[in-house]
Structure formats: C-alpha cells, structure tokens
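Subject: Handing over the structure

Hi,

Here is the structure I promised to pass on. Please open it next to this email, and then read on for what was found in it.

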Amino acid sequence: MPLAGIRVIDLSQIYNGPYATYLLALAGAEVIKIEPPAGEPLRKRAVVGGAGLPFAMLNGAKRSITLDLKSEDGKAALKALAVDADILVENFSPGVMDRLGLGADVLAQINPRLIYAASSGYGRDGPYAAYPAMDLTMQAMSGALYVTGFPEREPVKCGPAVADFFAGIHLHAAIMTALFERERTGIARRVEVTMQDAIYASLCSNLGLAWASNGDDAAPARTANRHGGLAECPYNVYPTANGHIAMICARDEHWQRLAALMGKAELGFDPRYATLRERVSRMEEVDAMIGEWSSQMETQACFDLLMGARIACAPVRTLPEVMEDENMIARGSLIDVDHPRYGRIKVQQTPLRLEGSPLRAPSPSEDLGASTRDILSALAGFDEARITAASGAP
C-alpha cells in the first residue's frame, strides 16, 4: 500500500486529527492512537445514544494505547515511540505539548526525520491563539454560521461538522506534502493547519456577494437554499408531492430543457428568462413556477424526469437512505464492519483512490488501551512495571 512502512503517532482527538490519521491508516500507515488513561473525549460520548458510532468510524485500522503524559514514564514512552516514527499528529490547544516537554523542538532532537503535524482553531502565532475552539464556535467565527439559514430567521449552524473535517482534510494534505518533501530532501518540517483557515475558501460565493454589496446592510447575508452569491437561477430546493428535490440549471440550455419539461418551452427563449442575468433578477418568479410544477409529482418521478433531460438535481434524502446508498456501496465507499462493542456498523472507506492500490478494509476500532502492552514492550522496550506506570493503568 502507498504508506506501508510509515509509522504515525496519533495524539489527536474528536474529529479533526482523527480523520486525517484515519486516511493515513487506510493508505497503509501504521497508526498508533495514544489516549489519556480515561480515553479521549469522543470515546466518552458513547454513553449518549449512538454517539459511540463516530469514534468507531474514525478510529478503525488504528492500534490503541494509553499514556499518562503528565507522568515521567508516560513522557519517556512517547519519546521512545517517537524515535522510529515518521509522523506525529496532535490537535491540542497551542502550547500544550510544549508545556509537557514534548513539543516539536524536543521531539526533533530525538528524531530529526519526524514530521510534527498540529491543528487547532486559530493557530499558535496569532492574537487568537489562546481561544478554545470547537466546530460550532469555528462556524461562528468563520462566518459559516452567519450565512447559513433563511434571511428572515436567525443564523443556524451547518448540519455537518464542516470546520472539523475541512481542517482534517487540509491536515492530511499538509502531512502528505511534508512527507513528499522529506523523501526528496531529508528535511522534516513542522506543519500546522487551523480550522479558521481551512473553512474560509468554502465561503467564496458568499464572500463575492458581500464584496459586491460594498457594505450595503440591505444585502442578504443568508440565502437559504439559493446560491450563496445569488449568482445562479434556478438554484434551490423545490417541493414535491412527497418531499423535496434540489435542482440547478448551470447553463441557459439547461433552463431551456427545464422549461420544455414544465410544458412552457416558450419560456426557454423568453427575453425575461432566457439569460442567467434575467433569471437572477426574477428569482422569485422563476422559483415559484418551478415549485408549482415540481409539487405535482412525487420526488422519484421528478428526479427521473430531470435526469432524462440531463439537468443537475438530487432528491433530498434521509440519513438512513444515505447509509444504504447503492452507489457508495457498489464502489466500496461504505462497508459493514462487525464491531465487538457496537455490533454491525456502517463505516466509510477512504475517499482517496489510487489505481492499482487495494483498499484496506478497516479493522474495528480497538477498546481503550488494547495494544498498550504489546506496543510499549516491542517498540519502547518497557517492562511490565514501566508499562503500568506509563499507561496510567489503575
């Protein structure tokens, strides 16, 4: 596999770092997940309903050990593991690892080839460095929360954890970039990704609208299901007889096809609607006539009709429907794993496909500390007493 022989020390928690290291694991890297003796915060959420599933989704194909990094034996164990590691990943608040005496500079002296990868909300060198950060607060600070929802209502957060996962994806990219450089030059760099930086580019449509409004307070901040820059029409979620369908006409000819489907072919060439500029200026009219048409059909029938005309659309599906998506299952993107704690669960494969490289079937996430004894004995050379002291085992 592409990353066979690469060893990763994973100190990360919740979503951000664990997703980056999960992608590394599925590419063949050996990932050693290190947690405090009581477990990382995401593991603890398992006491609430199905909240254990996210941990299982992001931590398969990793080996779990516990270390008490506040103890001298725990610190010694991490340093011993760092000697032969290629990558260390952490998403603590900036400065935590330095205060523990385990920062990038210390570990670089132990292993100059170690790539030290960190992610946080705001970074270690700006005025916000000390601010605590979670996905909700990062959506608020980044503007993502402000632009989400309906214009006449209060802002709402994005449903997915976009700040966490955007940062995790960028963190993976930064790690791979540094690894590529190290293989060419022997130089191992420290890399950093902030949640604030990672989400900004995704706001480009909204930022364009804000820039064009030139500070006009009347300009809409939230565009609901319409285009974030109000620069496409049709572009919305429309009612059907039994649900909703999302639809966009990206070009004028798509609008002409839609008009024909609606039985109003003449509107495709009507000067009031024939061009994007004119349709955007009459957005309410356009959306109203499409909604009146789509609401007469059930979702699947509307989808089939639009697909036949090659108009971009999709039914608004429930999460149980998404978890059984035939395309993702056929491509091996969603797979069933028999988990010893949660039973049969659905987990995601890596979205990264490399032709000729097999997909690694993720093993179930391990119980807390399941591999502590094996790893500290084999890789750190610790005896039973030191393993107990380092792991914080009761």
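Let me begin with a definition: a residue is called buried when its relative accessible area is under 20%, exposed when it is over 50%, and partly exposed in between, using a 1.4 Å probe and protein chains only. This is a predicted model, in which local features need pLDDT of at least 70 and side-chain atom pairs count only at pLDDT 80 or more, while totals for chains, interfaces and linings use all residues. Residues are numbered from 1 along each chain as its sequence is written, and side-chain values use heavy atoms, with hydrogens and water left out.

**Overall picture**

The protein chain has 394 residues, of which 45% count as buried. Its C-alpha atoms fill a box of roughly 80 × 45 × 45 Å along the principal axes. The secondary structure comes to 18 helices and 11 strands; these are DSSP runs numbered from the N terminus, with helices being H or I of at least four residues and strands being E of at least two.

Val193 counts as buried because its relative accessibility is 9%. The C-alpha atoms of Val193 and Arg124 are separated by 10.0 Å, although the two residues are 69 apart along the chain.

**A patch on the surface**

Tyr128, Tyr131 and Met141 make a nonpolar surface patch of about 280 Å². Patches here are made of residues with over 30% relative accessible area and no salt bridge, where like charges are joined within 9 Å and nonpolar side chains (Val, Leu, Ile, Met, Phe, Trp, Tyr) within 5 Å. The areas come from the Shrake-Rupley method with a 1.4 Å probe, and for residues only the protein chains shown count as cover. Met141 belongs to helix H7 (residues 135–142) and is partly exposed, because its relative accessibility is 39%.

**Salt bridges**

How many salt bridges does the structure hold? There are 23, each being a side-chain nitrogen of Lys or Arg within 4 Å of a carboxyl oxygen of Asp or Glu. Here are three of them to look up:

- Lys33 pairs with Glu40, with the closest N and O atoms 3.0 Å apart. Both Lys33 and Glu40 are buried.
- Lys75 pairs with Glu72, with 3.9 Å between the closest N and O atoms. Both lie in helix H4 (residues 72–82), three residues apart, or about one turn of the helix. Lys75 is buried at 16% relative accessibility, whereas Glu72 is exposed at 60%.
- Arg182 pairs with Glu183, the closest N and O atoms being 2.8 Å apart. Arg182 is buried, with a relative accessibility of 3%. Salt bridges that share partners join Asp86, Arg113, Arg182 and Glu183 into one network.

**Cysteines**

A search of the whole structure for disulfides (pairs of cysteine sulfur atoms within 2.5 Å) finds zero. Cys158 is buried, with a relative accessible area of 17%, and Cys249 is buried at 0%.

**Pocket and cavities**

On a 1 Å grid over the protein atoms alone, a cavity is a set of points where a 1.4 Å probe fits but cannot get out; a pocket is an open set with protein on both sides within 12 Å along at least five of seven lines, and lining residues have an atom within 4 Å of a point. Points are joined across faces, edges and corners, and a volume is the space filled by probe spheres set on them.

The largest pocket has a volume of about 650 Å³. Of its 27 lining residues, Thr148, Cys158, Ala224, Asn225 and Arg226 are the closest to the centre. Helix H8 (162–185), helix H10 (204–213), strand S7 (235–239) and strand S8 (244–248) each supply at least two lining residues, and S7 gives the largest share, three residues.

The search also finds two cavities of 30 Å³ or more. The largest cavity holds about 40 Å³ of space, and its lining includes Tyr22, Met57, His339 and Pro362. Helix H3 (53–58), strand S10 (334–339) and strand S11 (343–348) are the elements that give two or more residues to that lining.

Enjoy exploring!

Best wishes
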